[in-house]
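Please look at the sequence and the structure before reading on.

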Amino acid sequence: MRIVLSIATDALAYGMVLFIISIGLSIMMGLMRVVNLAHGAFAMIGGYLASYAIRDLNAPYGLAILIAVIGAIVVSIPFEALLYRRIYRKSDPLIQVLMTIGITFVIIGVVNYIFGPSLKSIPLPNALSGPLDIGFRMVPTHRVFVIACGLITALLLWLLIEKTEFGIKLRASVDHSDMADALGIRTEIIYAVTFALAIGLGAFGGVVGAEILPIEPFYALRYMVTFLVVVSVGGAGSITGALSASLLLGLADTTGKYLAPEFGEFFFYLTVIIIVFLFPRGLFGRSHA
Amino acid sequence: MTRRATTVSALAILCLASGVAAADTIKVGVIGTMSGPYALFGKNFKMGIDAWVAENGTKVGGHDVEFIYRDEESPNPAKSKAIAQELIVKDKVQYLAGAYFTPNAMAIAPLLEESKTPLVVMNAATSSIVEKSPYIVRTSFTMWQNTVPAAKTATKNGAKKVAIAVSDYGPGIDAEAAFKKTFEADGGAVVEAIRIPLATTDFSPIMQRIKNSGADTIFTFLPSGPPTLGFVKAYLDNGLKVAGVKLMSTGDVVTEPDLPNIGDPGIGILSTYHYSVSHASPENASFLAQIKKGGGNVDEVTMTSVAAYDGARLIYKMIEATAGQRDPVKAIAAVKDMTWVSPRGPVSIDPATRHIRQNVYLREVAKVDGKLINREIQTFDAQPDWALSKE
Amino acid sequence: MSDSATPAPPRGLPMIPEASGALAIIGLGAIGYFLFPDDLAFLTRLIGITLLVLSLDLVTGYCGVATLGHAAQFGVAAYAAGIACVRGVTDPIALLGVGLVAGTMMGLISGALITRFRGLPQLVLSIAVGQLVAALANKLSWLTGGSDGLSGITPGKVFGLYGFDMYSRTAFLFSLGVLLIVFVVLSRFVRSPFGLMCRGIKDDDLRARMIGVSIYPRLVVMYGVSGAVAGLGGALTAISTGVVGLDSVSFERSAEVLVMLVLGGAGHLWGALAGALIFQIFEHIVAAANPFHWMMLVGLLLIGIVVFAPRGLIAPVMALATRLARKGDA
């Protein structure tokens, strides 16, 4: 039983990191139908900015997160305006895959040029580092923080999408974009705001998840498919879907690592294949008829 | 090989030799991790070689020596072999050097005899590499060399049940075997042996498994780079240190550039290794001064720069002994019983194995003048490679 | 990319595409052999990857399957040939056969899994299958060498006469011969009724269904053929480099060949050939200097292609060729 609880705790923490980073991508793919393989690249930019803010500017952790989120959004604006707008909702996946792989490569090149090729740590404040006793085991305090971040993110997003006017417009645009347009909802503004939200969430996840997915130039490439896989397993555009997919895949990966670490990501991808076969539109995907 | 092919390659080698003689620049191809997550170690190759060249000049007996650097990037044997082949065929190098990863060194080995090119391995640490070709010398270390003292120390410190966690590739498997054999021979028990894929970054589940195994000590080896930091952090943050589980490792896991990232909680971690940047000797002091003078950052120095520095020493010696000619037998003969004092301490090349024999130090992470270092607390004199050596 | 179907080649001399392909490959091969004798090892590897790009073209260019896992076919065949060689089958032709069979099998398996769906699920399945193969290659280290790579592959002489040496002359000519045969056969194959049917499926699968074509089995068969070609590429690479590493099944390999294909122009064998050549030669020159600059350059190039020339570099050339041919007819 202790082993089960133990695995569950690690799986929860890993799943939450996947969730925070992937939920932005999920919203983007649900609304704009963009297979954005560069999402991890923006998460990485967030990580680099936070690392820089803490280590070179001596910023406190909270401020560093803020800098990372805002910084990543600022960096992403020209990409949105010049490139992503061309591929919203229309192109076939191949075109989107290629353009976003291209964007990823460019970001990797630039980041390496500016920050160098080595691993960048994001030092944690004392309150978040070290172990914490949660009864049946010790966990890194940071993991508890990550889990809390994940839950709060999910809750706030749910409130945003279900309870605000922006949310109503957003849902309208997702389900019936032409109709929304006809009713006077400025879809391009909704798109731009959603894009910024998605990137911000990615950057936030990149920073708080850096203990589990460490920040280095190949981050964008290494986890490129992980985030995409989470979203498509969950069903693009669904918070519940992304959350359950993150937790499920987090569990598959962690259990695999615990029981048979030498198999690497085998169980992760096996789970993916099974789920895609059973639910081609994802666990909570809507039909885009 | 058919007779025709033999003639062709003989002719080609003749051409190579005459080309070299005419230009009188002897080229040395260095294959290292110049980019990617392990770039720090490629940089160390260059720092070490540059330091040697700065001290000893660019000429050996009237021959210019030129080092050409190529990027192996990651454990990618096919790529490394292609690079080596290109260095030999196209750049016409007379010596090869470097090799951070074992698989890459293994892939290069079959080319050496046909092309008559000696290879000085400056990192890759699986014992059997030197057996793959008579033209290989190694100035770094092997897993057996550094692990046997670790196992002895564990026994001495009262460890009874050990969990071994290593990277799932050649050197990791060597380390596991070396520790298991030595530790069990001394009466200890290995309760868990985990092999972790090289790309792993999240070690929390592995720490749980170790904890549940009831081990009192962990022995680990991972190639220094991104995974090592994650491993040590997972050890600290999952409460294993607080619970009294000790961590023993080879020095790869606590290289000096990583220590600031590990931070104060790392104080007291034990490791056995052949070089500490803080090693107190005049040779080391002047080596570090030389690196500083060359524009290098002393905080980035690792064991690979010392292996490269000593490797360059061997290459210079080989060039001198062969008077700039391509004669691998003579070149290897000239260095295979060399003895000198390296920045790491007194060393020699073991004539039987062509591997370096050196002191291995037991060190603990300590804070001296506000800086984390690996403080040497015990010396294991003149260790051979325990897997190759018949001692 | 969905509208890139070429018009059927002009009737008349039916063997023209095959002959021109053969001539072009012989010509390029001669240039490589005589002008760059020091680069034959690189050119040999280039041919191996080129076969993989051709193979990818069959499923992506001709059938519209978006895949980021095509290295699976290549890698499985490379490992199969490598393992066979280590275990005593050293005849290069036999090893090619092993690679061909292994690649075909893997292609059929991948095809059966991947082509059941379209769009995003298809893409994700292709990634998952590729990654699963990569994880297995790592896990089965007693068979594949895992991260250490499979080494000790020393193939015998071609036809019992020509041995493989460090200068890669034999390897290069051997690979060139395989590429020549594959290209000619594929030129014929893509214009066969089966090939044209696949193109029809890609352009409008609804219409294909309406006229009574069952799509799924055809796509799986095409995947098998594609796997065979990739398998030849994998086996050639194993034979000529003597090492098989995890890179041969990696996601990066899959992504890279997709980039090459789209650069040249998917849906044309010529496009695949051109893309593979241009990309690898540039990579060889630029990446040696600085791999990160190379990544940035490839990134910009990709964005440029998507924005300005979504049908690849070969499209304008093909248009010109068609126009000239029409003029000739008239």
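How many helices and strands are there in chain B? Chain B has 12 helices and 15 strands, where helices (H or I, at least four residues) and strands (E, at least two) are DSSP runs numbered from the N terminus. This is a predicted model, in which local features need pLDDT of at least 70 and side-chain atom pairs count only at pLDDT 80 or more, while totals for chains, interfaces and linings use all residues. Residues are numbered from 1 along each chain as its sequence is written, and chains are lettered from A and ligands numbered from 1 in the order in which they are written.

**Chain B**

The radius of gyration of chain B is 21 Å, close to the 21 Å that the globule rule gives for 391 residues, so chain B is as compact as a globular protein of that length. This radius is taken over C-alpha atoms, and the globule rule is 2.2 Å times the number of residues to the power 0.38. Along the principal axes, the C-alpha atoms of chain B fill a box of roughly 65 × 50 × 40 Å. Of the 391 residues in chain B, 62% are buried. A residue is buried if 20 or more other C-beta atoms lie within 10 Å of its own, exposed if 12 or fewer, and partly exposed in between, with C-beta atoms placed from the backbone.

Chain B is divided into domain 1 (3-141 + 280-351) and domain 2 (143-273 + 360-383), with bounds that come from an automatic or database domain assignment. The centres of the two domains, taken over C-alpha atoms, are separated by 30 Å. In chain B, 15 residues of domain 1 are in contact with 17 residues of domain 2, a contact being two residues whose C-beta atoms, placed from the backbone, lie within 7 Å.

**Contacts between chains**

Chain A gives 36 residues and chain C gives 35 residues to the contact between them. On the side of chain A that touches chain C, the largest share, 17 residues, comes from α4(A). The contact between chains C and B takes 25 residues from chain C and 33 residues from chain B. On the side of chain C that touches chain B, the largest share is three residues, from α2(C).

**The largest nonpolar core**

A nonpolar core is a set of buried Ala, Val, Leu, Ile, Met, Phe, Trp, Tyr and Cys residues joined through C-beta atoms within 7 Å. The largest one has 342 residues, and C:Ala81 and C:Ala235 have the most contacts inside it. Helix α1 (residues 2-32) of chain A gives the most to this core, with 18 residues. Among the residues that C:Ala235 touches are C:Ala77, C:Ala81 and C:Leu95.

**Chain A**

Chain A averages a pLDDT of 88, and 98% of the residues score at least 70; pLDDT is the predictor's confidence in each residue, from 0 to 100. A:Pro60 lies in the loop between α2 and α3 of chain A. Is A:Pro60 buried or exposed? A:Pro60 is exposed, because 11 other C-beta atoms lie within 10 Å.

Technical notes
Lists of a residue's contacts leave out its neighbours within four places in sequence.
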